[in-house]
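The following note is a reading of the model, arranged as numbered points for a colleague. Please keep the sequence and the structure open alongside.

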Amino acid sequence: MAEIIDGKAIAQLVRQKLAEQVEVLKTKSIVPGLTVIIVGDDPASQIYVRNKERAAQKVGIAHQTIRLAADVTEASLLTIIKKLNQDDQVDAILVQSPLPNHLNEQLVQETISPEKDVDGFNPINIGKLYANRHEYYPVANTPKGVMTLLMAHHVPLRGKLAVVVGRSILVGKPMLSLLEAANASVALLHRYTPDDLRRSLLKQADIVIVGTGIPGLVVGDDLKSGATVIDVGINRLSDGQLVGDVDFASAQAVAGAITPVPGGVGPMTIATLLQTTVELAAQHHQIELADKWQII
Ligand SMILES: NC(=O)C1=CN([C@@H]2O[C@H](COP(=O)(O)OP(=O)(O)OC[C@H]3O[C@@H](n4cnc5c(N)ncnc54)[C@H](OP(=O)(O)O)[C@@H]3O)[C@@H](O)[C@H]2O)C=CC1
Ligand SMILES: Nc1nc(=O)c2c([nH]1)NC[C@@H]1CN(c3ccc(C(=O)N[C@@H](CCC(=O)O)C(=O)O)cc3)C=[N+]21
């Protein structure tokens, strides 16, 4: 039976560490500030934003949520973001996706200053990640949190084969860059990957990372014995159950280690968002944090 990678417990360790870092910053009169903008009333987004508020307060981050009506104009959203870009109290800005269709998500993301882009979506930051630049810049929190999980479990990456299923800007693409930077060989799979190719690549993979939104896409039979399986998917079934993209029961019998859903990558995403906020605050005040990347 696979070892369970307990994202909830590791997220808790990250938050403890962050609370200590925030204390140090406060002795220098610095309070990290996070502003979340949410447009409309998508219920899943509402829950996620409330969880973030609570978690931010607990580690001592000044948190502000701006709730906008679903019919807000693009011009007023952009004006709000530009004001936040100028506001010294705000270190990190996050615009919750998805946005209503009349808003150009790309333009909205690009309007957030790269220095405050806590999601790591701005093309400047994406470019730095892709180029594997050595200075500090924000990186998408879900894949960054996955790297923390892998490090916490001492999963070897150098020279290993990692297969990433899903290629979104939020999950798959930054995941590819981070794994490659850690000297894994990486295959990126998507909708147009034929089933037989997907199966043969998965069967060889030492690390499997799945983020597609398709429940049960990966099953135990697909996996190599002892593989590390990270399930990013979060799917609400019609009976209300929350499941990932990996069939947990069959995968657990084959994998060496696996993340559960819930309690795996989800809580890490929130803890890592707070981590990036603290890192950005330190960066804005030219303070070196002791454990920036390997936080735990
Ligand atoms: N735990 C967490 O913190 C987070 C969880 N999530 C969850 O992760 C999942 C993915 O989210 P997100 O990346 O935003 O979703 P997107 O819909 O943006 O991307 C889904 C990706 O999956 C690929 N895909 C779709 N069908 C298949 C298939 N049959 N085989 C292989 N690949 C396929 C798509 O390929 P193509 O590009 O070809 O269309 C696409 O690249 C969702 O369940 C979401 O809820 C998301 C963010 C954070
Ligand atoms: N700009 C932006 N940045 C994001 O990072 C972003 C986003 N928009 N839009 C939506 C997705 C999704 N996402 C989740 C994070 C945590 C949980 C989470 O905490 N999940 C819990 C369960 C929560 C529950 O019970 O519903 C868990 O997996 O244990 C879920 C989903 C971040 N996203």
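1. Which residues are closest to ligand 2, and how many residues surround ligand 2? The shell holds 19 residues, and Ser97, Pro262, Gly263, Gly266 and Thr269 are the closest; a residue is near a molecule or strand if its C-beta atom, placed from the backbone, lies within 6 Å of it. Two or more residues each come from α2, β4, α6 (141–152) and α10, with α10 giving the largest share, four residues. Helices (H or I, at least four residues) and strands (E, at least two) are DSSP runs, numbered from the N terminus.

2. Basis of the note. This is a predicted model, in which local features need pLDDT of at least 70, side-chain atom pairs count only at pLDDT 80 or more, and totals for chains, interfaces and linings use all residues. Residues are numbered from 1 along each chain as its sequence is written, while chains are lettered from A and ligands numbered from 1 in the order in which they are written.

3. The protein chain is divided into domain 1 (29–113) and domain 2 (141–266), with bounds that come from an automatic or database domain assignment. Taken over C-alpha atoms, the centres of the two domains are separated by 28 Å. Each of these domains supplies at least three residues to the shell around ligand 2. By class, that shell comprises 10 nonpolar, eight polar and one charged residue; Ala, Val, Leu, Ile, Met, Phe, Trp, Tyr, Cys and Pro count as nonpolar, Asp, Glu, Lys and Arg as charged, and the others, Gly among them, as polar.

4. Ligand 1. There are 25 residues around ligand 1, of which Ser168, Arg191, Thr212, Gly213 and Thr269 are the closest. Helix α10 (residues 265–284) gives the most to this shell, with three residues. The shell around ligand 1 has 10 nonpolar, 13 polar and two charged residues.

5. Ser168 and the record. UniProt, in an unreviewed entry, places the feature "binding site" at Gly166, Arg167, Ser168 and Ile234. UniProt positions are given in the numbering used here, feature names are shortened, and annotations may be inferred rather than shown by experiment. Ser168 belongs to the loop between β5 (161–165) and α7 (172–181). Ser168 is classed as partly exposed because 16 other C-beta atoms lie within 10 Å; a residue is buried if 20 or more other C-beta atoms lie within 10 Å of its own, exposed if 12 or fewer, and partly exposed in between, with C-beta atoms placed from the backbone.

6. Strand β2. In strand β2 (residues 33–39), seven of the seven residues are buried. Gly33, Thr35, Ile37 and Val39 on one side, and Leu34, Val36 and Ile38 on the other, are all buried, so that both faces are covered. In a regular strand the side chains alternate between the two faces of the sheet. Strand β3 (residues 62–68) pairs with β2 in the parallel sense over seven bridges, and Gly33 has Ala62 as its bridge partner in β3. The β-α-β crossover from β2 through helix α2 (residues 43–59) to β3 is right-handed: with the strands pointing away from the viewer, the path from the first strand over the helix to the second runs clockwise. Strand β4 (residues 92–95) runs parallel to β2 and is joined to β2 by four bridges. Two strands pair if DSSP finds at least two bridges between them.

7. The six-stranded sheet. An open sheet of six strands has the order β1-β11-β8-β7-β5-β6, with parallel pairing. Its edge strands, β1 (3–4) and β6 (185–189), each pair on one side only. Strand β1 is joined to β11 (residues 257–258) by two bridges, with Ala257 as the bridge partner of Glu3.

8. Backbone points to check. Most residues other than glycine have a negative phi, and most peptide bonds are trans. The peptide bond from Ser97 to Pro98 is cis, with omega near 0°, and Pro98 lies in the loop between β4 and α4 (105–111). Asn132 has a positive phi near 60°, and His154 has a positive phi of about 50°. Asn132 is exposed, with 10 other C-beta atoms within 10 Å, and His154 counts as exposed with 6 C-beta neighbours inside 10 Å.
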